[in-house]
There are 2 protein chains.
Amino acid sequence: MRSRGEAGASAGRPRSEEAHQAILGATLELLAEVGFSALTVEGVANRAGVGKATIYRRWPSKLPLVVEAFGQLPAFEDVDSGSLEGDLKAMLRTFLENFLATPLATVYPSLAAERSHNPDLGELLDPVLKGRRQPLARAFERARERGEISPDINAELAADLVVGPIAVRLFFTGMQIHPDMVEPMIDLALCGLVASPGGTS
Amino acid sequence: MRSRGEAGASAGRPRSEEAHQAILGATLELLAEVGFSALTVEGVANRAGVGKATIYRRWPSKLPLVVEAFGQLPAFEDVDSGSLEGDLKAMLRTFLENFLATPLATVYPSLAAERSHNPDLGELLDPVLKGRRQPLARAFERARERGEISPDINAELAADLVVGPIAVRLFFTGMQIHPDMVEPMIDLALCGLVASPGGTS
DNA sequence: TTCTGAACGGAACGTATAGTATCGTAATCG
DNA sequence: CGATTACGATACTATACGTTCCGTTCAGAA
């Protein structure tokens, strides 16, 4: 049983890479416009200008299709500026820029909601999400190694602390994030981390 | 044209309050199980043991039905313990308890996602959401009046800071919130607020 | 150049569901 | 006790989706 490997099947018309990208792009667009559950393979096919069969030939269902499309969206960049504050500000700034420039703002909630009802999506999506946030968690770990933050601060939790407010505004107030808000958000989060938490240790 | 006011229509069989509650309850259950977009009026009718017409007679569409059902879920309690830390810990604790005891954890993401694609839902839902978070924002305002936190801290932003990490864990890690995590979460958020942010003013 | 085989876009088929209309029954008011 | 309205149940229509099939197109092998 040969798989559809690059050189295995050999003969025949090769799959169009152009169609591949068109499908993924259309998937992202529709994901942003109508959400995961309202996204249909037919809609993707029409938007991409391909036949439905072309999609079913490559992805068994819309689920892995959506996850692959989501994976093409930009995540946190791995920045190492030398200080936690510098890392966070750089990362969050580009992250917010990505939110403004890509469908991330609407795709994210849609996938998160579906995830809570669809365990299959969770299994496919969770590693992707974890990978996306890894640069952020790494920045906290570097800061801990540098002694910038208390060693007993949970890096995962700290990452949540930084991303959380953004997510909340995003999900519940309809993307009312102005670039000006990044600084106070980071400041607020930072003073809970860089200031020695003597009173709470 | 008389409305369906309490004493206006007078004659005829009155609407069953029992059916009303059964419909709202079934709506919440299904909202938690399948999400907003997969929720069907027919499904609600079956679950509630009522006819479809009974639902359409009272709600023009599933949208206001869902919003009304969501409004029945518990929100933040208005606690005034005298200190910000006490208020936050009490509020967040009961809030998390509510998350464990009600379908909030799955209903929330579902509505948030739909909101980003459906402006009509946003208009219905936003006042409800704002009202739910008001006790939290009020606690911050009281703290500011007491001088517990810097007067130039944005109460809305601070509320986001506290709720954010919970929302993130909830949405993207599948409700991995243990009650034990409440304390460190609050501590982390608090030291950014009660500690005078001299370096960032 | 010709042949082969897989992928292509488009169309057809069967299924499912939303929303409406209608029925006979039940319940309250005058 | 009659009038009026709501009730649960069923049938119906229209739409939309997933899936499969079909004739055509294209790249590589002979």
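This is a predicted model: local features need pLDDT of at least 70, side-chain atom pairs count only at pLDDT 80 or more; totals for chains, interfaces and linings use all residues.
The same surface serves both of them, since 98% of the contact residues of chain B recur in chain A, where contact means heavy atoms within 4.5 Å.

Some conventions apply throughout. Residues are numbered from 1 along each chain as its sequence is written, while chains are lettered from A and ligands numbered from 1 in the order in which they are written. Local features need pLDDT of at least 70 and side-chain atom pairs count only at pLDDT 80 or more, whereas totals for chains, interfaces and linings use all residues; side-chain values use heavy atoms, with hydrogens and water left out.

Chain A contains nine helices and zero strands, so its elements read α-α-α-α-α-α-α-α-α from the N terminus on; helices (H or I, at least four residues) and strands (E, at least two) are DSSP runs, numbered from the N terminus. Of the 201 residues in chain A, 51% are buried. Here buried denotes under 20% relative accessible area, exposed over 50%, and partly exposed the range in between (1.4 Å probe, protein chains only). The accessible surface of chain A comes to about 9500 Å², and carbon and sulfur atoms account for 51% of that area; such areas come from the Shrake-Rupley method with a 1.4 Å probe, and for residues only the protein chains shown count as cover. Among contacts in chain A between residues at least 6 apart in sequence, 67% join residues at least 24 apart.

Leaving aside residues up to four places away in sequence, B:I55 touches B:I23, B:V41, B:V44, B:A45, B:V50 and B:L65.

An α-helix has 3.6 residues a turn, so residues three or four places apart point the same way. Helix α1 of chain B (residues 17–34) has 18 residues and reaches 26 Å from its first C-alpha to its last, close to the 26 Å expected at 1.5 Å a residue; the expected span is 1.5 Å times one less than the number of residues.

In chain A, A:A32 lies in helix α1 (residues 17–34) and counts as buried at 16% relative accessibility. Apart from residues up to four places away in sequence, A:A32 touches A:P103, A:T106, A:V107 and B:H117. A:P103 sits in the loop between α5 (84–101) and α6 (104–117) of chain A and is partly exposed, at 25% relative accessibility. With the same exclusion of residues up to four places away, A:P103 touches A:L28, A:A32 and A:L73.

Helix α7 (residues 119–146) of chain B has 28 residues and should span 40 Å at 1.5 Å a residue; its end C-alpha atoms are 39 Å apart, which agrees. α7(B) bends by about 45 degrees at B:Q134, with a proline, B:P135, following within four residues. After α7(B) comes B:G147, whose phi is positive, near 85 degrees. In α8(B), a bend of about 40 degrees occurs at B:V163, and the proline B:P165 follows within four residues. Because 17 of its 18 residues are buried, α8(B) is largely enclosed by the rest of the structure.

Definitions and conventions. The bend at a residue is the angle between axes fitted to the seven residues ending there and the seven starting there.
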